Amino acid sequence: MTLTSVMATGPESERLATLHSYAVLDTAPEAAFDDLVRLAAEIFGASAGAITLVDAERCWFKARVGLDAPEVARNVSFCGYAFGSSGVFVVPDARRDARFQGLPLVSGPAGFRFYAGAPLRAANGFSIGTLCVLDRAPQEPRPEQVTRLGRLADVVMSALEARRTRGLPAAPVAAPPLPESRGAVALVVEDDPAVQKFATEVLRRLGHEVFAVSNGADALVRVAELRGRVRLVVTDVTMPIMGGVELVRALRCQPNPPRVVVMSGNFHPDIRAQLKSEGVTSLLGKPFSLDELKLALGQAQALRA
């Protein structure tokens, strides 16, 4: 009998109660979570990744890429180790680590060697799982990659909290009023330096504190770092890592999502339809003038992304 097959008591019982309070185990895939896993894998150039929830005897994948099975046994998993760590848990080469050499994901057909997992920690301090990436080649990840994974785990937890809140039968708690533009924090997400600079300068003239990044991945990290202070996002559609549609979808998982203006040189009908389905109607064609940007910002004032 393994340790995880014994009836949970004490802190483990409380941890499992925390996990089950999210009512997410065995639910259908959701695009926002899938996008976050793909983004995590892209950051490491990894072939696989997952949002893993650690139940009593299993590690179940809420979202996964590059993994066939929907779950693995907890006592033969990487995440069974990683979810309880204080920070990002990294295994550079599992074949050289006695703890993991015999795991099916290592010794079996999958042949994974690299693993990195960031704990998904609830507000009460209990870890309910991991955001993890795996690859068939060993890796020594850079510090900035590890930091990004940890920040994305914060985004996943925000999404899970928002999902739980939406699922409660009680009347929703009213969101706090959004700040006026004066002093509000805005984020420009654009890989063209000239457009990024122009949009940033306009927003500063309008009284915003402005941060600028060049892709959706860095945008989510910045949003996590600022912990709810970003109230406006002006983003391009096409970027090298995580485009505008995927970014909007991930932002909507935030408990109090920011307003969004989306920029593009060519809004394909499919892109327009996807943005509309995500609640975004403030679209800005490139190239644009100062007045056109101000108009798009005004439209966003009335609608939450």
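**Strand pairing and helix packing in a predicted model**

Student: Over how many bridges do strand S5 (residues 114-121) and strand S6 (residues 127-135) pair in the antiparallel sense?

Tutor: The model is predicted, so local features need pLDDT of at least 70 and side-chain atom pairs count only at pLDDT 80 or more, while totals for chains, interfaces and linings use all residues. Residues are numbered from 1 along each chain as its sequence is written, and side-chain values use heavy atoms, with hydrogens and water left out. Strands (E, at least two residues) and helices (H or I, at least four) are DSSP runs numbered from the N terminus, and two strands pair if DSSP finds at least two bridges between them. Between S5 and S6, where Phe114 stands opposite Asp135, the number of bridges is eight.

Student: What is the order of the strands in the open sheet of six strands?

Tutor: The pairing in this sheet is antiparallel. Its edge strands, each pairing on one side only, are S3 (71-73) and S4 (89-91). The order is S3-S2-S1-S6-S5-S4.

Student: In S2, which residue is the bridge partner of Ala50?

Tutor: S1 and S2 run antiparallel and are joined by six bridges. A hairpin through three residues links these two strands. The bridge partner of Ala50 in S2 is Arg64.

Student: Which residue takes a positive phi in the hairpin of S2 and S3?

Tutor: S2 and S3 pair in the antiparallel sense over three bridges, and Arg58 has Ala73 as its bridge partner in S3. Their hairpin has five residues between the strands. The residue with a positive phi, near 75 degrees, is Gly66.

Student: Why is S2 described as largely enclosed by the rest of the structure?

Tutor: A residue is buried at under 20% relative accessible area, exposed at over 50% and partly exposed in between (1.4 Å probe, protein chains only). S2 is largely enclosed because the number of its eight residues that are buried is six.

Student: Are helix H8 (residues 244-251) and helix H9 (residues 269-277) roughly parallel or roughly antiparallel to each other?

Tutor: Axes are lines fitted to C-alpha atoms, for helices over the stretch in contact (heavy atoms within 4.5 Å), and angles run from 0 to 180 degrees between N-to-C directions. The axes of H8 and H9 come within 10 Å and cross at roughly 5 degrees. Angles under 35 degrees count as roughly parallel, over 145 as roughly antiparallel, 65 to 115 as roughly perpendicular and the rest as oblique. H8 and H9 are therefore roughly parallel.
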